[in-house]
Structure formats: structure tokens, C-alpha cells
Amino acid sequence: MRIIFNIFLIFIFVLMNKGLVLAKVSGECSNCHTMHYSQNGTAWGNGSGPYQWLTISDCVGCHSAGDSSTWKDPVTGAPIVYNEAEPSYGFYYEAGGKYEGLAGGNFYYVTQEGGGDTHGHNVVDIPGVEKDSLNGQYPPGTSDQNCGNCHKNNLLTPQTKDGIKYSGCEFCHNDKHHADDTGPVVDGSGGWYRFLNFNTYHPYTFQPMGFEGVEGIEDPDWEKTYSSTDHNEYAGGGNYTHSISLYCAVCHGEFYEYEKSGGGWYHHPTDYAIPNKGEYVDAFGANGTGTGTWDPMVPVARPYSNLEGMTGPDQNVYIETDMVQCLSCHRPHASPYADMLRWDYENKCTSNNTDDECGCIVCHTKKSKLSL
């Protein structure tokens, strides 16, 4: 009997630890779910639900905070992507005197008058966010040749299928919170990197988007703290299915270019290796050695064949191997600066300027020394 009892205890221990390993979300189910959407005879919370999957709130409700300093929900552990006050944590752009929130930026900057449209994606779920004034749409409003016939003419409105709205957060994130994304490299088995997967419905036609998802290595605190050894990693490669830049190009296809037209670039190349020649030999402080140091202000993408063999973030940048990506210059949610840029391009990136916090000169090392 003692042997049987010991075997039973071992079995229970294995099951418990398996749950800890395989489930990204841990803790009490009631942290995120309610069975009847009621408590003490009244509707749960503010009564604006009920929500899909019996959750106690929607995406923004779980990923937002009323103050400026909260970066992670104290109960659920969810990363905060929208603060009602200007965030006071995360990457600090010293030259601009601004905090930028977690790695994706913060939707606070879209809600501000006087240029909010240019500071981030106009996600319909964020309180106070209006349709983009240029194209009259929420994401993915675009003039792309495949989508423009409808979107540029403001013919579409947010749509719902089976009670799920596909024009807000869900358009970019196919959230699988119980998937094992412990990595180190998060792929389809972990619900894809940050749940970035377009394998969902188009918000109007309800046709599958067919994007297979992004590969990457997730920083545990979403880059609240950051250094050359503490950061996210991203997969890249021209037309590689799991590239973060190709993911962006599903909507922003006209900007995903790495071919020359008429002898010159007409968009900044993306998913394109940093060349080991000219001024680029000194990029990221490589000084002609071929190896520089990771700069959290200008993250690069790794060739997927290299990324898939990594066990954690690499402090090095390998010239002629690592690539410029969309997030090298932009915050995917929102930033304090125009065009969702990571730095103040309009005021800090000028000729004969040695400001180390102009991200452009991290690669374009000679441009800061020009007098035009």
C-alpha cells in the first residue's frame, strides 16, 4: 500500500508540474474568468460585458492601468499597453525626455490631441481613440492595392463574427493565453510570438488571412528593463513566413520593399541584412570587426536559421547577417513621436549632429557628421 501511495504522490506531482510548465497563464481561474458574469446579485465589474470565453473584462480592461507607473497587472500579470496617464516606465529616450512604456509602446500617445493619429495605431478598443483622420478607418485602413478599393473610401465599419470583434486588438493578436510560450524560441506550439498570428478572419469578408505567425524570443518583462543582454529577439528574412516585418506587411504591403527601383531605394529596405561596407562597417559600434553590440533603441531581426538555434537573447549584432526590420524604427502600438518612431526624427536627426539617441546614426554612422 505504501508503494502504491508513493506512486500516486509522484503522479500528482508530475501532473502539477506539467501544468506549471505547459500553461503560460497561472494562478486562480477567477483572476480572468467568471462563470455567470454576476456577483452579489449584480453584473460583474462595470457591467459592460459579458465577454467572450467568460472573461471578466476585454483586452483593454486587462491590459490597461489608470495611473502612469503600472506596467503589469498585479493580479493577472498581464502587460500594460495603455495607461490613462503618460507612462513613467520602460525605455527612456533621454534626448526627448520621454518614457515609452513596454517594448510595443503605449496607446496613451494615440489618445492625445494634436497629432495622435500619427503616433500609433487607431485601435477601436482604446477609450477615446477615433478613426484615423487620413483614411477614415480603424486598423487596417490602407490604400494598398489589395485592400484600398474598400478601405480608402471609408466603406467599412468594424465587424463582428460569433460575438468576436475583429477590428480591435484581435485583428493583430490571436490570443492563446494558455499556450506554452516559455520558449526560448516561441513558435506555433506556443501560440506564436506575443500571439502575433493573422490566421484569423478578415473583419469584413470573414475570409482567413492565412498568416502563419511570428517567431521570436520573448523578454520576460516585455523590456521594462533592457540592455544588450536583456531584450526581445525577432525572426527575419526576405519573405520568410514567420518574419516580424512580413507580418506587418500583411496590411502595410507597400512598405515591405527590399528591391531597387530605377537604381535606388524608394522605401527603406526591410528584412535586409546590414551591409558590411561603407559606413555600415561601423554600425552598432562594430568598427570594422563585423560584430557590434545590441542597441535596445534599434533592435534588429535575426535570420530564422540562426534564431531557431538560440537559447536566449544575444548581446551581439552581426553585420552582413542581422537585418533591419520594421521594429528597428517603429513601436508597433504607439510612441511619443510622429510616425510611431522610437526617437524624435524631426528634431534630433539633423546633419552635423552627434546626438547618440538619433537611431538613424546607429547604422548610418557617417550621416551625423555631414554639414549640409
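**Note on backbone exceptions and salt bridges**

1. Trp192 is buried, its relative accessible area being 13%. That figure falls under the 20% limit below which a residue is called buried. The model is a predicted one, and the points below should be read with that in mind. Trp192 sits in the loop between β9 and β10 (216-217). Its backbone deserves a check: phi is positive, about 75°, although the residue is not a glycine.

2. Arg194 is found in the loop between β9 and β10, which is also where Trp192 is placed. Arg194 has a positive phi of about 50° and is not a glycine. Is Arg194 buried or exposed? Arg194 is buried, because its relative accessible area of 18% is under the 20% cut-off.

3. Pro184 is placed in the loop between β8 (164-165) and β9 (185-186). Most peptide bonds are trans, so this one is worth a look in the viewer.

4. How many salt bridges does the structure hold? The count is 7. Side chains of opposite charge can pair when their charged atoms come close. Three of these pairs are taken up in the next points, including one between Glu86 and Lys98.

5. Glu86 and Lys98 meet through their side chains in a salt bridge, at 3.2 Å from N to O. The pair links distant parts of the chain, 12 residues apart: Glu86 belongs to the loop between β4 (82-83) and β5 (92-93), and Lys98 to strand β6 (residues 98-99). Glu86 is partly exposed, with a relative accessible area of 30%. Lys98 also counts as partly exposed, at 29% relative accessibility.

6. Arg331 and Glu100 form a salt bridge in which the closest N and O atoms are 2.8 Å apart. Arg331 lies in the loop between β16 (323-324) and α7 (345-348), and Glu100 in the loop between β6 and α3 (116-119), so the pair ties together parts that are 231 residues apart in sequence. Both Arg331 and Glu100 are buried.

7. Glu233 and Arg302 are joined by a salt bridge between their side chains, with an N to O distance of 2.8 Å. Why does this pair tie together parts that are 69 residues apart in sequence? It does so because Glu233 lies in strand β11 (residues 233-236) and Arg302 in strand β14 (residues 302-303). Glu233 counts as buried at 0% relative accessibility. Arg302 is buried as well, with a relative accessible area of 2%.

8. A last point concerns Gln52. This residue lies in the loop between β2 (42-43) and α2 (59-62). Gln52 is partly exposed, with a relative accessible area of 31%. Gln52 and His33 are 19 residues apart along the chain, and their C-alpha atoms are separated by 9.9 Å.

Conventions: Residues are numbered from 1 along each chain as its sequence is written. This is a predicted model: local features need pLDDT of at least 70, side-chain atom pairs count only at pLDDT 80 or more; totals for chains, interfaces and linings use all residues. Side-chain values use heavy atoms; hydrogens and water are left out. Helices (H or I, at least four residues) and strands (E, at least two) are DSSP runs, numbered from the N terminus. Buried means under 20% relative accessible area, exposed over 50%, partly exposed in between (1.4 Å probe, protein chains only). A salt bridge is a side-chain nitrogen of Lys or Arg within 4 Å of a carboxyl oxygen of Asp or Glu.
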